[in-house]
Amino acid sequence: MTEDKVGSLVEEALKRKERLQALKRKNEEAKDAKADAPTNLPMPKFRSYKPQDESLKEKVLDDAKPGDVEAAVQDQLSAAKSKVVIEELDISNLAPRKPDWDLKRDVSKKLEKLERRTQKAIAELIRERLKQGQHDLAAMVNMAGKDETNAKT
């Protein structure tokens, strides 16, 4: 039985060796094909270099021409001479804001929701007390006011 396993291992090794040789041949053929094919390399652009070779002199770029600086400076000077009229200043925009102004702004929406819920809860408590048989409406309102001030403190 061990001879049978050894024979199959030898066969597998030979098959693997053939596959590796086939891959090597493929790679060599691909390299030969690449070497034979003309390559399209990017052509250089010469900005500051003057090539000696005649075939490369076509690729030389023209010298850059400076822009009209005097006109740009004259425009800026004329703009600086014109007087800018300041409209009425709003003093509230100049005054510094309190350090917590952004917190108040962000929390205000949530506080509005809570205020509405609080008012609904107070109204609901008053209705429950009225249903329990306490008919003195003024006393109920006063008790609700006391409950509200206790809750705030």
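**Confidence by element.** I compared the elements of this predicted model by pLDDT, the predictor's confidence in each residue on a scale from 0 to 100.

**Conventions.** I number residues from 1 along each chain as its sequence is written, and side-chain values use heavy atoms, with hydrogens and water left out. As this is a predicted model, local features need pLDDT of at least 70 and side-chain atom pairs count only at pLDDT 80 or more, whereas totals for chains, interfaces and linings use all residues.

**Secondary structure.** I took helices (H or I, at least four residues) and strands (E, at least two) as DSSP runs, numbered from the N terminus. The chain has 5 helices and 0 strands, in the order α-α-α-α-α from the N terminus on.

**Helix α4.** The 31 residues of α4 should span 45 Å, and the end C-alpha atoms are 44 Å apart, which agrees. I also looked for a bend, defined as the angle between axes fitted to the seven residues ending at a position and the seven starting there. At S108, α4 bends by about 40°.

**Aromatic pair.** I searched the whole structure for ring pairs (centres within 6.5 Å; planes under 30 degrees apart stacked, over 60 edge-to-face, the rest tilted). The search gave 1 pair. F46 and Y49 form this tilted pair, at 5.7 Å centre to centre and 50° between the planes.

**Accessibility.** I used relative accessible area (buried under 20%, exposed over 50%, partly exposed in between; 1.4 Å probe, protein chains only). F46 counts as buried because its relative accessibility is 12%, whereas Y49, at 47%, is partly exposed. Buried residues make up 4% of the 153 residues in the chain. The chain exposes about 15400 Å², of which carbon and sulfur atoms supply 56%.

**Residue D62.** I located D62 in the loop between α1 (2-36) and α2 (69-81). D62 is exposed, at 73% relative accessibility. The C-alpha atoms of D62 and F46 are separated by 9.1 Å, with the two residues 16 apart along the chain.

Methods:
Expected span 1.5 Å × (residues − 1). Phe/Tyr/Trp six-rings, centres within 6.5 Å; stacked < 30°, edge-to-face > 60°. Areas by Shrake-Rupley, 256 points an atom, 1.4 Å probe, with all protein chains shown as cover.
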